[in-house]
Amino acid sequence: MLKRKRFWFGLIISLAFLAYFLYRIDLGEIVQNLRQADYVLALAAVPLYFVGFWIRAIRWRILLDPVRRVSTRRLYPVVLVGLTANNVMPARVGELVRAYLIGEREKVSKSAALGTIAVDRTFDGLVLVAILAAVTIFSGTSAGVKTVGVGTALVFIGASSVLVTLAFSPNRARALALRVLNLLPHGLEEKVEGLLDNFLTGVQSLRNPAVMVSAAVLTFASWSVETSMYVVVGVAFDLDVGLHVYYLIAAGANLALSILASPGGVGPFEATTKTILLAFMSDAEAAAAYAIGLHALLLGPVTVVGFVLLWQMQFSLSQIMGIGNDNGRPPAGEGHDLSAPKVVAGPRPSAPRAGE
């Protein structure tokens, strides 16, 4: 029942935003713009997207290091499979898929891995908010774009504040959570307590200034590489806008995807991209065609590669989709991570490290 509700909720979001996206534009003109695009150049930009995610895999390796040392080469396919899951399933379950796969492949506590993924995604959000704020301040964009920027900034600043609190005051956070857990049945209380301890271990990287600086630099680098793909695709679609506009699209559209849980971001991505472009150009059909073409290039190749990698890992789609089962139990083989050490405070856990 829960999965069906997620599906229908995501579908409603997609349809609503697609209706807004297509409102008062000429479909024939959109098709014409799509036909005139230089697809050789557009396809040549796709490898930049994969390079951007390689940089993000390096960032995740750094954030995961306090829990278990895993090489970037081992993490990269997990990152791509997680992205694929986000592309084909609602509710951004790709982050849960990443935690599940890294736990199965590297014998890492899944709840601790999920903590590192939460930090990982927070860096994305904060850097995108910073980009959005900088561009909207210095480019004189419309009031509508500025409103989107302020709204998304508030959401991510709030979420980041929670994670920072968990990282720097883990004992206080644990004590507060235990008050709630005391209301649960005894057996379930112990299991959830173990998950909580492992999650708090996963966010410990926020306490290390060197890690935070490295993660911030890598995050900006990864989004800059992805934005360069947007630029090349823009040239392929003959758009005449500046570099700051593409940074604004990268920030605004991807923040919208993080908040609105539609499958693959279909609808919110197109609507946000078109809205941003129309603040700098008047051709709505050209803006719409670019949004469609860009999103297809972002979704298609990486989804195909993700399914190939999933097959190579010998996992099935139904197995990873079990992450979101209705009864709340983990997928087969996951367990409850109670064997992992309960490390709440201190610079590093004492768990043994696997070699790279």
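This is a predicted model: local features need pLDDT of at least 70, side-chain atom pairs count only at pLDDT 80 or more; totals for chains, interfaces and linings use all residues.
Colleague: Which residues of α6 are buried?

Modeller: G94, E95, V97, R98, A99, Y100, L101, I102, G103, E104 and E106. Residues are numbered from 1 along each chain as its sequence is written, and side-chain values use heavy atoms, leaving out hydrogens and water.

Colleague: Why does Y247 count as buried?

Modeller: Its relative accessibility is 17%, and the cut-off is under 20%, so Y247 counts as buried. F220, at 42%, is partly exposed.

Colleague: What makes the pair of Y49 and F53 edge-to-face?

Modeller: Rings of Phe, Tyr and Trp (its six-membered ring) pair if their centres lie within 6.5 Å; planes under 30 degrees apart are stacked, over 60 edge-to-face, the rest tilted. Here the centres are 5.1 Å apart and the planes at 85 degrees, so the pair is edge-to-face.

Colleague: And why is the pair of F220 and Y247 called stacked?

Modeller: The centres of F220 and Y247 are 6.3 Å apart and their planes at 5 degrees, so that pair is stacked.

Colleague: How do you know that the charged end of R56 sits over the ring of W223?

Modeller: The rule wants NZ of Lys or CZ of Arg within 6 Å of the ring centre and within 35 degrees of the ring normal. For R56 the distance to the W223 centre is 4.0 Å, and the charged end does sit over that ring. The charged end of R56 also sits over the ring of F53, 4.2 Å from its centre.

Definitions and conventions
Buried means under 20% relative accessible area, exposed over 50%, partly exposed in between (1.4 Å probe, protein chains only). Helices (H or I, at least four residues) and strands (E, at least two) are DSSP runs, numbered from the N terminus.
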